Amino acid sequence: MNLFAEFLQVVREAVTTVAAARGVALPDLSRVTAEPPRDPTHGDISTNAAMVLNKPFGMPPKALAESLAALLRMHENVAAVDIAGPGFINIKLTAAQWPRVLQAVLAEGERYGHSTLGSGKKANVEYVSANPTGPLHVGHVRGAVFGDALAELLAACGYQVTREYYINDAGAQVDVLARSAYLRYREALGETIGEIPAGLYPGDYLKPVGRALAAEHGTALKDKPEAEWLPIVREQAIDMMMELIRNDLAALNIRQEVFASEKSLHESGQVKDTIAELRTRDLVYQGTLPPPKGEVPEDWEDREQTLFRTTGFGDDIDRPLMKSDGSYTYFASDVAYSRNKIQRGFDELIYILGADHGGYVKRLEALGAALAGNREVAVIVRLCQLVKLYRAGEPVRMSKRAGEFVTLRDVVDEVGPDVVRFMMLFRKNEAPLDFDFAKVTEQSKDNPVFYVQYAHARTCSVMRNAAEEGFSPAEIPRFDLLTDEAELGLVRRMAEFPRLVEAAAQAHEPHRIAFYLFDLAGDFHALWNKGKDSPQLRFILKEDVKLTQTRLAFLTAIRYVLANGLRILGVRPAEEM
């Protein structure tokens, strides 16, 4: 049940009636909304219909609002309608609507808040996609959590979601990895390798790779030329690094279904075929590019090369696909990979990238537009800003194991996946985030994850206590017995959840779920505290069986909504704390 969707339809019917009465063609209603008013004292539902439709109706907003309000007041579920400001319409619902909400929560249970918004659509969410050159560091955590929560949010709205990781296993960085691992191989054979040379990876995480190579090949690789040992070492190092990365992601309860390989795009001929296809569409030409402003990228050449006409699809400049020597650029792989996704039938291509990849947004959008052909494929890019680690206000030092950075595993092992996931989502992805180990583990209202999980744990505690006293939720609760404003406020908050989930999915903003849960937990803790001063508001009243059973059913509904929201974020609904 989505109460706001129901009343949006009521508003649209009123608009249709007014249009017919005035002989006006029915305008586009896509901008008409029905949402909670910012100030709860203004009513239960607010609509902007008169504000966005006044021009097609040829009426001042307030006059159109009066016409719509007159019809809305006649609806059986509407108690009152007021007009605010220049034409906003505020609707107060009848008391009978709130029991309906609670009954819907209990009936839908773990499905409450889910919708069919994306039914029939396929979404590919690509996130993390770190180079396979070492363990994931704290800079990857936010994108990993954001991408995983967004995938779950879309799935809750009916999308067919594929969680994907793109392995950059064909570039120069994996050759550097192989040379770094070869040093560790020699070390495993007993050599003293000394200080790791500049330009190679110094972390201890490559020691197991060296030992594995020594165990499998003995000294056989030692006397081979680099051209012979490099591909062997590279393959072993990539496989072990990807296993390390998968295990690190699993510690955050992240498991992606598809691990796509850049190398396989080349070996299968997809890069070559993609460029050939673009040639047939006159989207490729031979030309030169002006030098880029600022830092010059590695693949820029002041020579004629093969260029993709991406400016025709909204990009800043045309992009090189092949260098003057005939070798492919990194971008050529990106083009083939985008084509591969589109050929797999995805309707939405979603990329979660770090803040330093802002320059990729236009080129990825251009690829989607150029490669989709007659299909409508949406390309959505979300950037995640940096995370700064602190301990009681002091910056956290680097990890010894990694050599240069704090690893994802360091953070998860210290505070647990639930804390990491919730806190990474308790701020909009575009805003920088400070993560203080001391603050995220304290048990107080100032710690959002504790505050929300504690609310769920409290509901479980009451249910256990009620069972010990011989009480259970009523099969047919008397929700009309819930009359206190704190109780009704909680019901109104729960009524918002289905609309909130859909809005978060449409905006690709899972942080909205975290914010909502914090507000819902606040409402619940406020009711709990009110019960300390007003015993008649407590959940278990031994002298009033019907009210106790009803409040236990009410509590069950609260627990469902808290748990459903936490599951979208990938956070465990705690039963004890």
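How many salt bridges does the structure hold? The count is 36. This is a predicted model.

**Helix 4 against helix 16**
- Helix 4 (residues 97-108) packs on helix 16 (residues 485-507) at an angle of about 60 degrees. Their axes are 10 Å apart.
- That angle makes helix 4 oblique to helix 16.
- The crossing of the two helices is left-handed.
- Helix 4 brings W98, V101 and L102 to the contact. Helix 16 meets them with V491, R492, M494 and A495.
- By class, six residues of this contact are nonpolar, none is polar and one is charged.

**Helix 13 against helix 14**
- Helix 13 (residues 408-415) and helix 14 (residues 417-425) pack at about 115 degrees, with axes 6 Å apart.
- Helix 13 is therefore roughly perpendicular to helix 14.
- V411, V412 and V415 in helix 13 meet P417, V419 and V420 in helix 14.
- This contact has six nonpolar residues, with no polar and no charged ones.

**R551**
- R551 sits in helix 18 (residues 545-569).
- R551 counts as buried because its relative accessibility is 4%.
- Beyond its neighbours within four places in sequence, R551 contacts L482, E487, Q536, L537, R538, F539 and L541.

**Salt bridge E6 to R100**
- The side chains of E6 and R100 form a salt bridge, at 3.0 Å from N to O.
- The pair links distant parts of the chain, 94 residues apart. E6 is in helix 1 (residues 3-22), and R100 is in helix 4.
- E6 is partly exposed at 32% relative accessibility. R100 is partly exposed too, with a relative accessible area of 29%.

**Salt bridge R163 to D148**
- R163 and D148 pair through their side chains at 3.4 Å, N to O.
- R163 lies in strand 6 (residues 160-167) and D148 in helix 5 (residues 138-156), so the bridge ties together parts 15 residues apart in sequence.
- R163 is buried at 12% relative accessibility. D148 is buried at 7%.

- K222 bridges to E191, with the closest N and O atoms 3.2 Å apart.
- K222 lies in the loop between helix 7 (207-217) and helix 8 (226-251), and E191 in the loop between helix 6 (172-188) and helix 7, so the pair ties together parts 31 residues apart in sequence.
- K222 is partly exposed at 38% relative accessibility. E191 is partly exposed at 24%.
- Elsewhere, salt bridges that share partners join D148, E152, R163, E257 and R421 into one network.

Definitions and conventions
Residues are numbered from 1 along each chain as its sequence is written. This is a predicted model: local features need pLDDT of at least 70, side-chain atom pairs count only at pLDDT 80 or more; totals for chains, interfaces and linings use all residues. Side-chain values use heavy atoms; hydrogens and water are left out. Axes are lines fitted to C-alpha atoms, for helices over the stretch in contact, and angles run from 0 to 180 degrees between N-to-C directions. Helices (H or I, at least four residues) and strands (E, at least two) are DSSP runs, numbered from the N terminus. Angles under 35 degrees count as roughly parallel, over 145 as roughly antiparallel, 65 to 115 as roughly perpendicular and the rest as oblique. A crossing is left-handed if the near helix is turned anticlockwise from the far one by less than a right angle, and right-handed if clockwise. Contact means heavy atoms within 4.5 Å. Ala, Val, Leu, Ile, Met, Phe, Trp, Tyr, Cys and Pro count as nonpolar, Asp, Glu, Lys and Arg as charged, and the others, Gly among them, as polar. Buried means under 20% relative accessible area, exposed over 50%, partly exposed in between (1.4 Å probe, protein chains only). A salt bridge is a side-chain nitrogen of Lys or Arg within 4 Å of a carboxyl oxygen of Asp or Glu.
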